[in-house]
Amino acid sequence: MTIDLRSCTGALAAFLSGILAALALTNPARMRWPVTEPQSKIDQWISSQSTSVVVGAIVAVGACAYLQHRRSRRRAWAFVYTGVVVLILIRFLVAEEVGLDLLSILGFAKTIAAGLILGGAVAASWDSRLGRNLLIIGVVSTWLAAQSSTGDLIPVSTSSIGEPAWALLLLTLICAVACAVTDDSELRISESEPGVAAAALAVVTGLAITQRILSSVVDRQENPPTFSGWLVMVASTVAVLTLTWFCVRRLDTTSGSGGFLWAATAVGAAATTVFADLTDRFFLDGDRTSPLVIAALAIIAVVFGLSRSRHRDRTIAGLALLAAIPLSEWIFDGEHELALLLRIVALGVGSGLLLGSVLPSNPVIGALGLTIPFTALVFMSIGQHEIETVSSTYVRHDPPSTYVEYNSELRAYVDASEPDAAFRAEAATIAYAYEAPPRSDGAALLMCVVVVATGIALRRRSPVDTPSPD
């Protein structure tokens, strides 16, 4: 059997691009950076991160729509390596201690670069079954696994999971450049149906901005939420589902591919309680499973789900798995590490089954669907709502403090080895969290209802749009 080196390089580039874009777009709710800014600036900085994800999602769909109009794969890979170069420059700029104003600007630059990478990779690889599947695996598995690294105190960075590794940046850059250089100019990106690009841009803009506004409303509710707080969360969820229904109808009139939007919404809702437990693991005693192990499990699970998603009846299996994940919160909580890992595996398999069974043929709709998990901010706010993020001070020594001290219900990083030096040390502000009461079953039940509602809407649709099986 002849191995097509060009196709293999393109598939590898798509996989790495998916990983890199997901790392840059992931915005876990918990932040632990040592910073020396006033509380008002910290709040503004935290708020800007969710807004930057919205901008990145819009850029991804817009870039993919533009590239499909130009129909040039070489230009698509140029978008990818341009985004990678921007991420490399950002990594250089945050190597030294910087203020929150510059970090906020760099955060927007990072998500815009991620949008260029994701949009370019989707446009270049969506017509290839191998490239398309590897891109989805890279995006979804990284989105699942990135949440597991939020418990550690990291240096100042544009992200609560740190900057992408040098090896990933350089390898993605090399593969994207190689694809651009060796691209066959006769192989063009498939043409789009009339109106699809405009509809997709309107959908991602409307959905992402609405999610951002509603999530800020949810975040302002009391902790733990009161009855009025739960009314706000339920109303916000209903508003998101209603808007999604209108968006799906709009997409179905142009391309018949709105089902991918419902599937991505179900995946985002099902992941809510799992992500909340992953970030809560900072409060657990003993060793935690390595993020690399979780990443490997997520990749295997998504690969398995995608490989079993060719038949239409797999949609029901994927929906059933996703609906069972929030319900399992009533049986297990984040303190059961094995149960948490099993739920991650179930989430990966369910995501692969559901997304793979309703894949759209149009790459712009594919880009739109892949951004939905990152912009599902209302769901994430509901899942994290019972853990309040506050600010305090800790004593920073040289080298930086590495010990953990318990202070009532609060935990902060201090260095207890030199108590007399505390009076001479520099004080800094750090965002940390306290251990909230056990999570109520309300959030889990609400997310299960969301998955069931999306499943009903998905099954009642008549249009079926699947990509060619090349």
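Trainee: What should I know before I start?

Mentor: The model is predicted, so local features need pLDDT of at least 70 and side-chain atom pairs count only at pLDDT 80 or more, while totals for chains, interfaces and linings use all residues. Residues are numbered from 1 along each chain as its sequence is written, and side-chain values use heavy atoms, with hydrogens and water left out.

Trainee: How do I read two packed helices?

Mentor: You describe them by the angle between their axes and the distance between the axes. Here, helix α1 (residues 5–25) and helix α3 (residues 73–93) pack at about 40°, with axes 12 Å apart. Angles under 35 degrees count as roughly parallel, over 145 as roughly antiparallel, 65 to 115 as roughly perpendicular and the rest as oblique; α1 and α3 are therefore oblique to each other.

Trainee: Which residues make the contact of α1 with α3?

Mentor: Taking contact as heavy atoms within 4.5 Å, α1 brings Gly10, Ala13, Ala14, Ser17 and Leu20, and α3 brings Trp77, Val80, Val84 and Leu87. By class, that is 7 nonpolar, 2 polar and no charged residues.

Trainee: At what angle do α5 and α14 pack?

Mentor: About 5°, for α5 and helix α14 (residues 363–375), with the axes 11 Å apart. The two are therefore roughly parallel. Leu135, Ile136, Val139 and Trp143 of α5 meet Leu370, Pro373 and Phe374 of α14, a contact with 7 nonpolar, no polar and no charged residues.

Trainee: And how do I read an aromatic pair?

Mentor: By the distance of the centres and the angle of the planes. Rings of Phe, Tyr and Trp (its six-membered ring) pair if their centres lie within 6.5 Å; planes under 30 degrees apart count as stacked, over 60 as edge-to-face and the rest as tilted. This structure holds 4 such pairs. One of them is Trp143 with Phe275, edge-to-face at 5.0 Å centre to centre and 80° between the planes. Trp143 sits in α5 (residues 129–146) and Phe275 in helix α10 (residues 272–280), so the pair ties together parts 132 residues apart in sequence.

Trainee: Is Trp143 buried or exposed?

Mentor: Buried means under 20% relative accessible area, exposed over 50%, and partly exposed in between (1.4 Å probe, protein chains only). Trp143, at 3% relative accessibility, counts as buried, and Phe275, at 2%, counts as buried too. Now look at Trp245 and Phe246, an edge-to-face pair with 4.9 Å centre to centre and 70° between the planes. Trp245 counts as partly exposed at 38%, and Phe246 counts as partly exposed at 49%.

Technical notes: Axes fitted to C-alpha atoms, helices over the stretch in contact; angles between N-to-C directions. Helix = DSSP H or I, 4+ residues; strand = E, 2+ residues; numbered from the N terminus. Nonpolar A, V, L, I, M, F, W, Y, C, P; charged D, E, K, R; others polar.
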